[in-house]
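My notes are below the view.

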Amino acid sequence: MQMSGILQPSSAQNWLSSQGSSSGLIVKRTIRVDIPVDKYPNYNFVGRLLGPRGNSLKRVEASTECRVLIRGRGSIKDPAREDMMRGKPGYEHLNEPLHILVEGELPVEIVDARLMQAREILEDLLRPVDESQDYYKKQQLRELALLNGTFREEGSPMSGSVSPFNNSLGMKRAKTRG
């Protein structure tokens, strides 16, 4: 685990911990969490971490108040674009194995606890699960279907169908004269 810290006094009172015992000192710390792509080369870690439209990652960020960045080889969706960006300023991480950076800029009293909370959540997500027992992925697929408007309740295979023969609104096709 790598940690770096920059100390800077801040007047951001809204960041203060609930105990009210904060010194007001905001620190920025970063930890690195490696993604086990060498052990599981065919597992879609990036998709699992991001979730539908990036929502899974956004939830981790919201619950921990930390920024989560996916970095390294394979962090850019388009391999051709990744090759193009490799070696350019700001993209040095593309020469490293796939990993996650978690950044916390919080009061000194809580920053480490939040980073550890984020690490636990992420390490849990980085544990490959057999597809048939992957409740988290089922939830992600359900959320994606809801976002796309293609969600079907279980047990009614045609409810989300665009088939004119079984329309969920109960409409019938126009009759044609023969």
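Basis. I am working from a predicted model, in which local features need pLDDT of at least 70, side-chain atom pairs count only at pLDDT 80 or more, and totals for chains, interfaces and linings use all residues. Residues are numbered from 1 along each chain as its sequence is written, and side-chain values use heavy atoms, with hydrogens and water left out.

Fold. I looked up the secondary structure and found 5 helices and 4 strands. Helices (H or I, at least four residues) and strands (E, at least two) are DSSP runs, numbered from the N terminus. Along the sequence the pattern reads β-β-α-α-β-α-β-α-α.

Burial. Of the 178 residues, 31% are buried (under 20% relative accessible area, 1.4 Å probe, protein chains only).

Leaving aside neighbours within four places in sequence, I find L49 in contact (heavy atoms within 4.5 Å) with I35, S56, L57, I70, I100, L122, L125 and L126.

Helix α2. I checked residues 55–64 and noted N55, S56, L57, V60 and T64 as buried. These buried residues pack against α1 (45–50), β3 (67–71), β4 (99–107), α4 (111–125) and α5 (135–148). Just after α2, E65 takes a positive phi of about 60°.

Key:
Buried < 20%, exposed > 50% of the residue type's maximum accessible area, 1.4 Å probe, protein only.
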